[in-house]
Amino acid sequence: MLKKIAIFSLILAAFSLYAEGEYEGKLQETVVTATGFSDNIENQIKNITVITSEDIQEKGYNNVEDILKQAPGVNITQTGFGSAVDIRGQGRFGLGTSGNVSKAVSSVKILIDGDIAMDTIDASHAYIPLNTISVNDIERIEIINGGGTVLYGNGTRGGVVNIITKNRTKEGASGKIYYQNSSYGTNKLGFDAGINFNNKFIIDLGYENTNGKGYRKGEKESYDYLKGGLKYNITGNHSLKFKAARYNSDETFAGALTEAQLLNDRKQSGDLSHMEVERKEYSLGYDAKITDAFRLSLLGYRQNTDKLSPGTPTTLFKDTKKGINFKGNYELENGNIVFGYNYIDHEGSRRQTIFGTPIISVDLSKKTNSFYLLGRHKIVDKLEGTAGYRYERAEYETNRKVPASVMRVPGVPLPVRIPARETVGTKKESNSAYELGLNYKYSDTGNVYVKYERGFRSPAATEFVDYAPGARTYTLNNIKTEKFDTYEVGFKDMLWNSFVSATAFYTKTDNEIYLNMDHGVTSGPATARWTFHNLKQTERAGIELFAEQYFGKLRVNESFSYVNAKIKKVGDDVSASTTHKFKDGQKIPGVPSVKATLGLDYEIVDGLKATANLNYYSNAVDNYNKKIPSYSTTDLGLKYKHQSGFGLTAGVKNVFNKKYNVSQTTNTLTGVTTYFPADERTYFIGASYEF
């Protein structure tokens, strides 16, 4: 399959030399992720992918996860607690029963409107509320492959995904009503409406409801999304904006299957889990253009995420984030300076009960203060340089209480009495990041750049604590901050009617953190043990290629990304009782070496467009070094939009009904491999009306 994509791409590239097409300004696309303020792609010393609202709407996506699956160089993995966005081979680290812990959760930053991160403080459960934004509310998604610590702080080794929501620019009343039906009886219904009073006062309101069943037996989903906003343009240079959003979901999802279960019936439920999520977000911002050269932005926000997992035991996660972001941009004669300050007060708790009796109480806190400075300066006519620095100080507090209890252990005739225990710990971390880059604009459309970045990922609040069942106590460890160095070279240009981008990178990480639950113990939770460790060094190196051609009404794009992700040196920080260990030189688990995409958009007649997308993932290995097979999927879509505002969409996903798995994990204690099967062929059809 990969050879077919490569051959077809070469044919299209050769054909583009002779075809008549229209340059559609790819280099002039506006992005904000790279600097925090609007700028063109051609000025960026980064590899950036932009997914527009038009791309999103015509392909029938139900959630953010579906959108990112199609993005060049992006791999979506299933963690058991939700989905993770993996860029540049972050993979899944863990031994014992923890082999499905995604490193992408703490190494790829998901942002809303460039300011509010979607991470949760309890990183041990690898959950990012990725799908809590309505697809219809997205203006575009900007993806930076690799880096971003200077502007966005802790945890950006893999990259940054910036989900930018819509702003109403059309004067007067405007809006959209839409409905979509897709496989498994899934129905999505929503509206988006607002009024723009002479670009002075703008009101926004939107609502969406989705409900249906899932691919596997017993799966169900239902969610509501409500958003509202007010914007007041005080003058042409000063504005206030308020946004609020609420997301509620009630979902039953199937568990992992063994190989025997998978072969018998991949649609069977396994162990069903029930999860209820509520996310609320409020923000108030002020934007000012002080002079033609000087702009300021100030934003305050609050984000609450509650996740309830009822059952035996019942677990309630609460996550609260309050923050202030201040940033400015000052234009100079030969460049500009971006500067800013961030404050985040992040708190979380976990309450676990069995039949109403408390068994675990965890409280976490992290307060972060940071400031940054990023400058760009024209050195000579066509050569410009960038330099940036960030200082970040974090203060942690963790409080873990476990009441006294009695637990039966398999093989032990008498109940085991577990005494009450409490662990309270505080820690302070100070880290710095910096980047240097050169950008040479060798023509009106082409540039080549080199970049170096020194970044960090400070430990999560839960990673400071180990559990030793022998003493039945929690202990504070000496886990170290991850530090990484990234070297990158790339170029972008318009060649005839084709946009071409190529990037090569190398990232070396010291002290990468992983969770170990493999200590030679196979019995129940009373004797289970978990510890956190640092690997001495890991490496990720690769190339990223993207091209897009324009043949009149036909637009074709291809991407190819290769990453070699491996554990360079394990080091000595591993418990002696571990039965299965990582080895020097082994591949990082859960990382396909290659992802390739091919997309076609053809305007059949005015208003009617057909799309086709192919995604290919190469082999990978799981945490036990077992092979994860390669797979490819193909999607087809059709979109019609009439001048009156009426529109239709329809399509088929996974056209050839490929059977593959979104996740594969092996328990290194038992050797049992489990899988999360992916959907087979699905359909969607929808209608909308815009006014």
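How many contacts beyond four places in sequence does the model have for residues 522-526, over which pLDDT stays under 50? For this segment of the predicted model there are 8 such contacts, a contact being defined by heavy atoms within 4.5 Å, whereas for residues 7-24, where pLDDT likewise stays under 50, the model has 26. The pLDDT is the predictor's confidence in each residue, on a scale from 0 to 100, and where it is low, the predicted coordinates should not be read in detail. Over the protein as a whole the pLDDT averages 87, and 87% of the residues score at least 70.

Because the model is predicted, local features were required to have a pLDDT of at least 70 and side-chain atom pairs were counted only at pLDDT 80 or more, while totals for chains, interfaces and linings use all residues. Residues are numbered from 1 along each chain as its sequence is written, and side-chain values use heavy atoms, with hydrogens and water left out.

The protein has 6 helices and 40 strands, taken as DSSP runs numbered from the N terminus (helices, H or I, of at least four residues; strands, E, of at least two). Of its 691 residues, 56% count as buried, where buried means under 20% relative accessible area, exposed means over 50%, and partly exposed lies in between, with a 1.4 Å probe and protein chains only. Among contacts between residues at least 6 apart in sequence, 64% join residues at least 24 apart.

Strand β40 (residues 682-690) pairs in the antiparallel sense with β10 (residues 172-182) over 7 bridges, and Tyr689 of β40 is the bridge partner of Ile177. Strand β40 also pairs with β37, again in the antiparallel sense, over 8 bridges, with Phe684 of β40 as the bridge partner of Gly651. An open sheet of 3 strands has the order β15-β39-β38 with antiparallel pairing; its edge strands, β15 (257-258) and β38 (661-666), each pair on one side only. Within this sheet, β38 and β39 (residues 673-677) pair over 5 bridges, and Thr666 stands opposite Thr673 in β39.

The loop between β36 (631-641) and β37 (646-653) contains Ser644, which is partly exposed, with a relative accessible area of 41%. Leaving aside neighbours within four places in sequence, Ser644 is in contact with Tyr689 and Glu690; Ser644 and Tyr689 are 45 residues apart in sequence and 8.3 Å apart in space, C-alpha to C-alpha. The side chain of Ser644 is also joined to that of His642 by a polar contact of 3.0 Å, a term that denotes a pair of N or O atoms within 3.5 Å, of which, within protein, one must be able to donate a hydrogen and the other to accept it, residues adjacent in sequence counting only if both atoms are side-chain atoms.

Asn199, in the loop between β11 (186-197) and β12 (201-213), has a positive phi of about 55 degrees and is partly exposed at 36% relative accessibility. Asn657, in the loop between β37 and β38, also has a positive phi of about 55 degrees and is partly exposed, with a relative accessible area of 23%.

The structure holds 19 aromatic pairs, for which rings of Phe, Tyr and Trp (its six-membered ring) must have centres within 6.5 Å, with planes under 30 degrees apart counted as stacked, over 60 as edge-to-face and the rest as tilted. The rings of Tyr396 and Phe464 have centres 4.9 Å apart and planes at 75 degrees, so this pair is edge-to-face. The pair links distant parts of the chain, since Tyr396 lies in β21 (residues 383-402) and Phe464, 68 residues apart from it, in the loop between β25 (447-457) and β26 (465-468). Both partners are buried, Tyr396 with a relative accessible area of 6% and Phe464 with one of 5%. Elsewhere, ring pairs link Phe294, Phe326, Tyr330 and Phe339 into a cluster.

Charged side chains also sit over aromatic rings, the criterion being NZ of Lys or CZ of Arg within 6 Å of the ring centre and within 35 degrees of the ring normal. The charged end of Arg88 lies over the ring of Phe505, 4.0 Å from its centre, and Lys307 lies over the face of Phe317, at 4.3 Å from the ring centre.

Key: Pairing = 2+ DSSP bridges.
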